[in-house]
Structures are given as structure tokens and as C-alpha cells.
Amino acid sequence: ILVVEDEPDIREVISYNLTQAGLEPVSSADGETALQKAEELVPDLIILDLMLPGIDGLEVCRILKQKESVRHIPVLMLTAKADEVDRIVGLELGADDYLTKPFSPRELVLRVKSILKRSTAATDIAGQASSLINVGEMSIDPDGHHVWVGGRPLQLTVTEFRLLLTLVQRRGRVQSRDELLNVVWGYEHNGYDRTVDTHVRRLRDKLGPAHEWVETVRGVGYRFRRDPE
């Protein structure tokens, strides 16, 4: 786990708790070093503070998601509670989740484990499926985490893929934001509706003309159209 945090005390607390949980933290105190370590080590997850000297966390996230070799690495952002705009921008840049400061070390470890669990190729939601799922012009490979629309491959983050797969496997049924948080993110928490909405918006952008297949049910949640055309 690459921990990118410029405050030594916070960095030490994070690293200690990750180690206690049986994980292996590697630290970085600035954005430039973080980018170098990400490419050298290709960690399983990056914990990324937004307020960094030099290259800030949002720029680090943007650069990571543009590089083929590291774009698949999940990113958990750490942000000050007041910086809602930064949180939303970070999610739109491809971060998988965020945690506001001050945070509970226990919750941080739970979030990390949740992200790692859904980052594995054989996720629970994929079940025993080993063949392609074909819906309209869309093909999904649950085991390989690949998606094609009209033969065009989509570059989805782990969370975006899991969100799409959840909606497709439950197509025709409305999924509330709470249900999606529980299934896709692996936790229940009030106040994270914007996380779901932001990821749905990013997913729709990447689906292109097929974005209409993901329908908004006002006041309830989202539904994947039963018979997309």
C-alpha cells in the first residue's frame, strides 16, 4: 500500500495501522516521489492525501489515471472535511473512494480492505461466471474485468467496473444508492450519496451513446435498462 502523506505524524499512524492489519505500507511525502514509486512498485492501492507539496493530490491522481501501467491501481483519497469540491473532483478524476480528516484509523483499514477485496479479479459479484455477459451491444468479461461497447474497449476503474456489473446483473430492477454503496463499496454509510452519483456520471461518460442504458429513477436510485437497444 503506497501511503502518500506529507504530515509525518499522520503518515506514521496510517503505516502503523496498516502493518497491524497485515498489510505492507510504503511511504511518500510528496507527489513527485509518489508518482515514481507508483510506477516502480505498482502497489495494490494508493492512499493519497490531496494537500501535498509540489504536485498536489488531485494532479497526482490525474497523472496516474492517464498512465496505462498504473491507471488500474485503486486510489483512496484523504481530504479535509471542508473540501467537498476537491472530493468530487477527485472522484471524477478516477479515485475509488475518499475519507475525510480527521479519520478513524480503524475505518481507514476497513476502507482499504474493502477496496482490495473488490479489486481482485474474482469478485463475489462475478460469482461463478466465466463467460461473457452480453447485453445489447455491450460485452462484459467478469473474470478479466473487461468491457466492450460496440466492439470498443472501455477503460474503467475497479469501482466503475463493479458498479456497471452490479447494475447489469440486476438489470430492470432499481438499485438505491444505499444498496449500491453496500454492494459496490462494501459499506453502509449515510452521506455518501454524492460518491455514487459521481461514479454513475463517470460511468455514463465512458459508455458514450450507451449512457442511456443507465437510467435515473428520481428519488430512488439507478436502474440498467432491461432490454437496451
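Author: Happy to! One term comes first: pLDDT is the predictor's confidence in each residue, from 0 to 100. We need it here, as this is a predicted model. Among the elements of the chain, helix α4 (residues 84–93) has the lowest mean pLDDT, 76, while strand β1 (residues 2–4) has the highest, 97. For the chain as a whole the mean is 86, and 89% of the residues reach 70 or more. Over residues 121–129, the pLDDT is below 50.

Let's look closely at helix α4, then. Which residues does Ile-88 touch, leaving aside its neighbours within four places in sequence? Ile-88, found in helix α4, is in contact with Arg-194, Thr-198 and Arg-201. Is Ile-88 buried or exposed? Its relative accessible area is 11%, and buried means under 20%, so Ile-88 counts as buried. A further pairing shows how sequence and space can part ways: Ile-88 and His-199 are 111 residues apart in sequence, yet their C-alpha atoms are 9.7 Å apart in space.

Arg-201 also takes part in another link to this helix. The side chains of Arg-201 and Glu-92 meet in a salt bridge, with 2.4 Å from N to O. This pair links distant parts of the chain: Glu-92 is in helix α4, and Arg-201 is in helix α8 (residues 193–207), 109 residues away. Both partners are partly exposed: Arg-201 has a relative accessible area of 37%, and Glu-92 has one of 32%.

For contrast, here are two other salt bridges, from the 13 that a search of the whole structure finds. Glu-5 pairs with Lys-101, the closest N and O atoms being 3.0 Å apart. That pair also links distant parts of the chain, with Glu-5 in the loop between β1 and α1 and Lys-101 in strand β5 (residues 97–101), 96 residues apart. Glu-5, at 0% relative accessibility, counts as buried.

The other one stays within a single helix. Glu-107 forms a salt bridge with Arg-111, their closest N and O atoms being 2.9 Å apart. Both lie in helix α5 (residues 105–119), four residues apart, or about one turn of the helix. Why does that spacing matter? An α-helix has 3.6 residues a turn, so residues three or four places apart point the same way. Here Glu-107 is partly exposed, at 25%, whereas Arg-111 counts as buried, at 3% relative accessibility.

Methods
Residues are numbered from 1 along each chain as its sequence is written. This is a predicted model: local features need pLDDT of at least 70, side-chain atom pairs count only at pLDDT 80 or more; totals for chains, interfaces and linings use all residues. Side-chain values use heavy atoms; hydrogens and water are left out. Helices (H or I, at least four residues) and strands (E, at least two) are DSSP runs, numbered from the N terminus. Contact means heavy atoms within 4.5 Å. Buried means under 20% relative accessible area, exposed over 50%, partly exposed in between (1.4 Å probe, protein chains only). A salt bridge is a side-chain nitrogen of Lys or Arg within 4 Å of a carboxyl oxygen of Asp or Glu.
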